[in-house]
Amino acid sequence: MELAPRILEGDRRALARLISLIEDDGPPAREAMAALHPHTGRAHVIGVTGAPGTGKSTLVNELAKGFRRRGATVGIVAVDPTSPFTGGALLGDRVRMRDLAGDPGIFIRSMATRGSLGGLARATGDVVRVLDAAGFAVVLVETVGVGQAEVDIARTAHTTIVVEAPGLGDDVQALKAGLMEIADILVVNKADRPGAAQTARALEVALELGRNNAGPGKDAAWRPPVLKTIALDGSGVAEVLEAIAAHRAYLESSGLWAHRERARARDDLLRALEQELLGRLLAGVGEAAIEDWVDRIARREVDVYTAVQALIENR
Amino acid sequence: MGERLRVLIAKPGLDGHDRGAKVVARALRDAGMEVIYTGLRQTPEMIVEAALQEDVDAVGLSILSGAHMTLVPRVIQGLREAGLDHVKVFVGGIIPDEDVYALKEAGVEAIFGPGTSTLTIVEAVRRACSEG
Ligand code: B12
Ligand SMILES: Nc1nc2c(ncn2[C@@H]2O[C@H](COP(=O)(O)OP(=O)(O)O)[C@@H](O)[C@H]2O)c(=O)[nH]1
Ligand SMILES: [Mg+2]
């Protein structure tokens, strides 16, 4: 039987298979995605980002347990970086998610970035949608957390949690990485460690400053809470779950939920279009012609924009 | 680009020796594979579940505690029951010679003891997985 109907029936093997096909990107994955599309749009997608070692995986483990206690099923996507030199990856987030083993209401998938730079893999958005279609009420996405360019997660998730921890250096990492703008909820994890209170205060101050010159897209009616947790023993996690529920209620009542869905649909459409058009153009022009243009640009015989015009007009 | 090999490296049972598992995990990563590391104290059921969710091509078990004769067959049987017959199983650690035959009979692809070069391991995994 085809993968999509099996996934809708709850076949976990089919779900795992389709995720691989999506990662490898090909026609079979697209067909299945098309069949699943009408079944998407129900899951609450929650992003968890922050510097490596802040406790994202440990927190995801606790959040998932909390959602399960409240009766919600949980899909988890944990993204780790692919080595740019070998193409390999070591995906170790499951180590912190042992508690979730054996629960049929949970599905965990580790993903490598495979060259994508935004903190997620190219395929992460589609994988989230497949978990959504498979019926998981909540989808938790743990990003790479390299600290740069983590903005992809804000595009993918309804609710973005930025995790910070004391003792990772003098500065608050989230500030340095420019993560404050995308945070719907700020968590200072490792509250058992000295310095947690200062870290929380620094975040509060930064939030206050940020509110005074709020950028577009951030609604001033939602003030991101700063919450302290000890993910290792679950302290403070109930408050995070409450904040997540409050954020969802806020998104729905303000109309932002629908707004974000539409923004995502637009983004998806434009990205897919871009990819498809580029693919077709490259296929039409041929590798050799492209290399030829590259040589001419490198020799300063022609500039990039002139080359692009020529490629598009005489293909 | 071809499909990338995905390998699960797990430490079943209560054995705390994790150096070998980590060495092997890193070697496979450096050879271009995607390695999912589960960490210590995995039951056979947990390993089978992870292999299924992660859609891996191979499972590597590292056992230095002497419990291999009970743990390994349970993992292999679990994989079969989950419909994962195509997943290759490798074992490493302290495995006495007299157990090697029985483990291979049970379905283990290859077994590697202390001092094995990681190159040998990488090659074996690659070969077994490309045979399909
Ligand atoms: C270091 C060590 C420890 C360290 C472990 C540190 C750690 N975090 O790993 C410490 C001091 C904690 C320790 C403790 C114990 N140890 Co100890 N330990 C060793 C020692 C000396 C070396 C193991 C090692 O790290 N080797 C280096 C790695 C790289 O090699 P490796 O694991 O063999 O891996 C290689 C291959 O086996 C293979 N491989 C391994 N895994 C995998 C997986 C796959 C998929 C593949 C393809 C290949 C592969 O590839 C690797 C590269 O070549 C061995 C003796 C020995 N020479 O092996 C004893 C040994 C394993 N320990 C032993 C014992 C008994 C213990 C204790 C029970 C002692 C005690 N009474 O307290 C405790 C138990 C700890 C526990 N919780 O499980 C015994 C086991 C006896 C047995 N199986 O019958 C050994 C064999 C010593 C002996 N001769 O008695 N130990
Ligand atoms: N002291 C303390 N350590 C924690 C806490 N949460 C996680 N850790 C530890 O921090 C390390 C990194 O955690 P992990 O979840 O892997 O972080 P990630 O890289 O952000 O996913 C691990 O050793 C955890 O056990 C906490 O609340 N307090
Ligand atoms: Mg992690």
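1. In this note, a residue is called buried when its relative accessible area is under 20%, exposed when over 50%, and partly exposed in between, with a 1.4 Å probe and protein chains only. By that criterion, Thr124(A), Gly125(A), Val127(A), Val128(A), Arg129(A), Val130(A), Leu131(A), Asp132(A) and Ala133(A) of α5(A) are buried. Nine of the ten residues of this helix (residues 124-133) are therefore buried, so α5 of chain A is largely enclosed by the rest of the structure. Gly135(A), which follows α5(A), has a positive phi, near 105 degrees.

2. Conventions. The model is predicted: local features need pLDDT of at least 70 and side-chain atom pairs count only at pLDDT 80 or more, while totals for chains, interfaces and linings use all residues. Residues are numbered from 1 along each chain as its sequence is written, chains are lettered from A and ligands numbered from 1 in the order in which they are written, and side-chain values use heavy atoms, with hydrogens and water left out. Helices (H or I, at least four residues) and strands (E, at least two) are DSSP runs, numbered from the N terminus.

3. Sheet of chain A. Seven strands form an open, parallel sheet in the order β4-β2-β5-β1-β6-β7-β8; two strands pair if DSSP finds at least two bridges between them. At its edges stand β4 (106-112) and β8 (226-228), each of which pairs on one side only. From one strand to the next the twist averages 20 degrees, where axes are lines fitted to C-alpha atoms (for helices over the stretch in contact) and angles run from 0 to 180 degrees between N-to-C directions. Strands β1 (residues 44-49) and β5 (residues 138-142) of chain A run parallel and are joined by five bridges; Val48(A) has Glu142(A) as its bridge partner in β5(A).

4. Helix α11 of chain A. The twelve residues of this helix (residues 287-298) should span 16 Å at 1.5 Å a residue, and the end C-alpha atoms are 16 Å apart, which agrees. The expected span is 1.5 Å times one less than the number of residues. Arg300(A) follows α11(A) and has a positive phi, near 65 degrees.

5. Ser254(A). This residue lies in helix α9 (residues 237-254) of chain A and is partly exposed, with a relative accessible area of 36%. Its side chain reaches the backbone oxygen of Tyr250(A) at 2.7 Å and the backbone nitrogen of Leu256(A) at 3.3 Å. The C-alpha atoms of Ser254(A) and Val187(A) are separated by 24 Å, the two residues being 67 apart along the chain.

6. Strand β3 of chain B. Which residues cover the two faces of β3(B)? Ala58(B), Gly60(B) and Ser62(B) on one side and Val59(B), Leu61(B) and Ile63(B) on the other are all buried. β3(B) runs parallel to β1(B), with four bridges between them, and Leu61(B) is the bridge partner of Ala10(B). With β4 (residues 88-93) of chain B, β3(B) pairs in the parallel sense over six bridges; there Phe90(B) is the bridge partner of Gly60(B).

7. Which residue is the only protein donor of the cobalt atom of ligand 1? His17(B) is, through NE2 at 2.1 Å; donors are N, O and S atoms within 2.8 Å of the metal (3.2 Å for Na, K and Ca), and water is not among the atoms, so sites may look incomplete. His17(B) is found in the loop between β1 (6-10) and α1 (19-30) of chain B.

Terms used: A polar contact is a pair of N or O atoms within 3.5 Å; within protein, one must be able to donate a hydrogen and the other to accept it, and residues adjacent in sequence count only if both atoms are side-chain atoms.
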